[in-house]
Amino acid sequence: MAIEKALYTATATATGGRAGTAKSSDGALDAVLTTPKQLGGDGAFGTNPEQLFAAGYSACFIGAMKAVSARQKIALPAEVSITSDVAIGPHANKPGAFGIQVDMKISVPGMDRAQLEALVATAHEVCPYSNATRGNVDVTLTIV
């Protein structure tokens with residue numbers, strides 16, 4: 001999928017793979033990367049690509065919900081939160097390859113459920129992470 005015009009470009013450099021570091025060009029992100037025990041790592045303190053993806057997708061999806069609600073002149077409560085589980089494992093259709101799947105739990109206390117369901121469906125069409133993963137990653141959206 002091509003974009004018409006880049007409005008912002010994030011730049012980050014990772015070194016050492018899953019046992020290294022990741023740093024953004026502006027210094028705002030400076031993370032130690034470690035491999036989880038479940039993937040053969042030593043369990044040392046640090047983050048991993050799946051956690052970074054989960055955080056990024058959650059934040060981006062909330063941004064999409066805010067953009068859609070503003071366009072539709074719908075009041076979106078301030079207490080929006082999304083918990084994303086990003087799982088990694090062997091790819092079901094590509095031997096030797098790995099894939100991810102995402103389960104997002106969306107909480108918007110006090111909002112009418114039908115209105116929230118419609119908002120979430122539209123945000124899923126707007127969100128850049130949703131557009132990037134569509135057709136490649138199983139994404140489940142659950143309103144809690």
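Predicted model: local features only at pLDDT ≥ 70, side-chain atom pairs only at ≥ 80, totals over all residues.

Me: Which residue in β6 does K105 stand opposite?

Reply: Strands of a sheet pair through backbone hydrogen bonds, either parallel or antiparallel. Here K105 stands opposite T142 in β6. β5 and β6 are paired in the parallel sense, over six bridges.

Me: What is the order of the strands in this open sheet?

Reply: The order is β4-β5-β6, three strands with mixed pairing. β4 (81-90) and β6 are at the edges with a single partner strand each, so one side of each has no neighbour in the sheet. On average, neighbouring strands are turned by 15° against each other, direction ignored.

Me: Which helix lies across β4, β5 and β6?

Reply: That is α1, running at about 140° to β4. α2 also packs on the sheet, where it touches β5 and β6, and its direction makes about 160° with that of β6.

Me: Which residues of α2 are buried?

Reply: First, the general idea. An α-helix has 3.6 residues a turn, so residues three or four places apart point the same way. In α2, the buried residues are L116, L119, V120, A123 and H124. Seen down the axis of α2, these fall within an arc of 140°, so they line one face of the helix. A114 and E125, on the other side of α2, are exposed.

Me: What covers the buried residues of α2?

Reply: The cover includes α1 (49-71), β5 (98-107), α3 (128-133) and β6 (138-143).

How values were computed. Residues numbered from 1 in each chain as written. Heavy atoms only, no water. Buried < 20%, exposed > 50% of the residue type's maximum accessible area, 1.4 Å probe, protein only. Helix = DSSP H or I, 4+ residues; strand = E, 2+ residues; numbered from the N terminus. Arc of directions from axis to C-beta. Contact = heavy atoms within 4.5 Å. Pairing = 2+ DSSP bridges. Axes fitted to C-alpha atoms, helices over the stretch in contact; angles between N-to-C directions.
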